[in-house]
Amino acid sequence: MPRKTDARDWAIATAERLFRIQGYTATGLKQIIEESGSPKGSFYFHFPRGKAQLAEEAIDRYLATRIALLRNISANTVGDALKFVHQIFEAFAAEMAASDFQYGCLMQNLANELPALDPELTKRIARGFVDSEEIVAEHFRGCGFTSARASSAAAALVAAVEGARTIARLERTPAIFEALADVSVQGWAIPKG
């Protein structure tokens with residue numbers, strides 16, 4: 001059982017993990033409380049708005065990790081669009097393999113379930129995709145891409161990663177990430193006009 005001061009963080013981490021594995025609607029507060037070891041009373045103290053507030057904080061935590069990963073890859077591949085794209089595919093493939101192909105993208109999972117349920121959470125998720133695309137586009141602009149090409153390539157890359165996660169999860173193999181890396185070698189990550 002986590003210490004009282006860790007209960008909030010454990011609840012957020014547990015919610016993130018469960019939302020990535022089984023989705024939002026299939027994850028109940030009782031399961032989150034039990035698996036996180038959070039005392040029920042402190043759970044409602046930390047999350048007075050319940051599951052929606054917990055989802056907001058799980059999205060924020062997940063997005064911070066995702067943004068840090070993209071920024072780190074960008075910093076390690078300055079001026080090299082192809083290496084940047086390859087390292088992104090490698091990082092997401094490795095994460096999928098490490099989770100035994102159980103983890104989907106938190107934002108993608110929630111985006112598939114929430115538009116009709118919670119417009120505020122949907123806006124937060126959409127902002128996460130926009131922020132991810134902007135980091136990728138910024139890197140591509142630094143590699144000589146025009147602004148328009150950088151934006152379209154970034155949108156395509158983010159969409160490709162999300163689709164690849166779904167396929168990798170179903171097929172239980174990172175092969176789709178390798179296929180996308182091969183496509184990028186054939187010109188996808190080249191700065192055209």
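Here are some questions and answers about cavities, pockets and a few residues in this predicted model.

Q: Which helix gives the largest share of the lining of the largest cavity?
A: Let's start inside: the structure holds one cavity of 30 Å³ or more, and the largest cavity has about 50 Å³ of space. Helices H4 (51–76), H5 (81–98) and H8 (147–171) each supply at least two residues of its lining. The largest share, three residues, comes from H8.

Q: How many charged residues are in the lining of the largest cavity?
A: The lining is made up of Arg-66, Leu-70, Ile-88, Phe-92, Val-136, Leu-157, Val-158 and Val-161. Sorted by class, seven of these residues are nonpolar and none is polar. The number of charged residues is one.

Q: Which helix gives the most to the lining of the largest pocket?
A: The largest pocket has about 170 Å³ of space. Helix H1 (7–22), H4 and H5 are the elements that give two or more residues to its lining. With five residues, the helix that gives the most is H4.

Q: How many residues in the lining of the largest pocket are charged?
A: Among the residues that line this pocket are Glu-16, Arg-20, Arg-61, Glu-95 and Arg-165. Tyr-62, Thr-65 and Ala-91 are also included in the lining. By class, the lining has four nonpolar residues and one polar residue, and the charged residues number six.

Q: Is Ser-99 buried or exposed?
A: You can find Ser-99 in the loop between H5 and helix H6 (106–113). Its relative accessible area is 12%. Because buried means under 20% relative accessible area, Ser-99 counts as buried.

Q: Which residue has its backbone nitrogen 3.1 Å from a polar atom of the side chain of Ser-99?
A: The side chain of Ser-99 has a polar atom 3.0 Å from the backbone oxygen of Met-96. For the backbone nitrogen at 3.1 Å from a polar atom of this side chain, the residue is Tyr-103.

Q: How many disulfides does the count come to?
A: Cys-105 is buried, at 0% relative accessibility. Cys-143 also counts as buried, at 17% relative accessibility. A disulfide calls for a pair of cysteine sulfur atoms within 2.5 Å, and by this rule the count is zero.

Q: What percentage of the span of residues 12–58 is helix?
A: UniProt, in an unreviewed entry, places the feature "domain: HTH tetR-type" at residues 12–58. In the model, the end C-alpha atoms of this span lie 5 Å apart.

How values were computed
Residues numbered from 1 in each chain as written. Predicted model: local features only at pLDDT ≥ 70, side-chain atom pairs only at ≥ 80, totals over all residues. Heavy atoms only, no water. 1 Å grid on protein atoms, 1.4 Å probe; cavity = no way out; pocket = protein on both sides within 12 Å on 5 of 7 lines; lining within 4 Å. Points joined across faces, edges and corners; volume = space filled by probe spheres on them. Helix = DSSP H or I, 4+ residues; strand = E, 2+ residues; numbered from the N terminus. Nonpolar A, V, L, I, M, F, W, Y, C, P; charged D, E, K, R; others polar. Buried < 20%, exposed > 50% of the residue type's maximum accessible area, 1.4 Å probe, protein only. Polar contact = N/O pair within 3.5 Å; in protein donor to acceptor, adjacent residues only side chain to side chain. UniProt positions renumbered as here; feature names shortened; annotations may be inferred.
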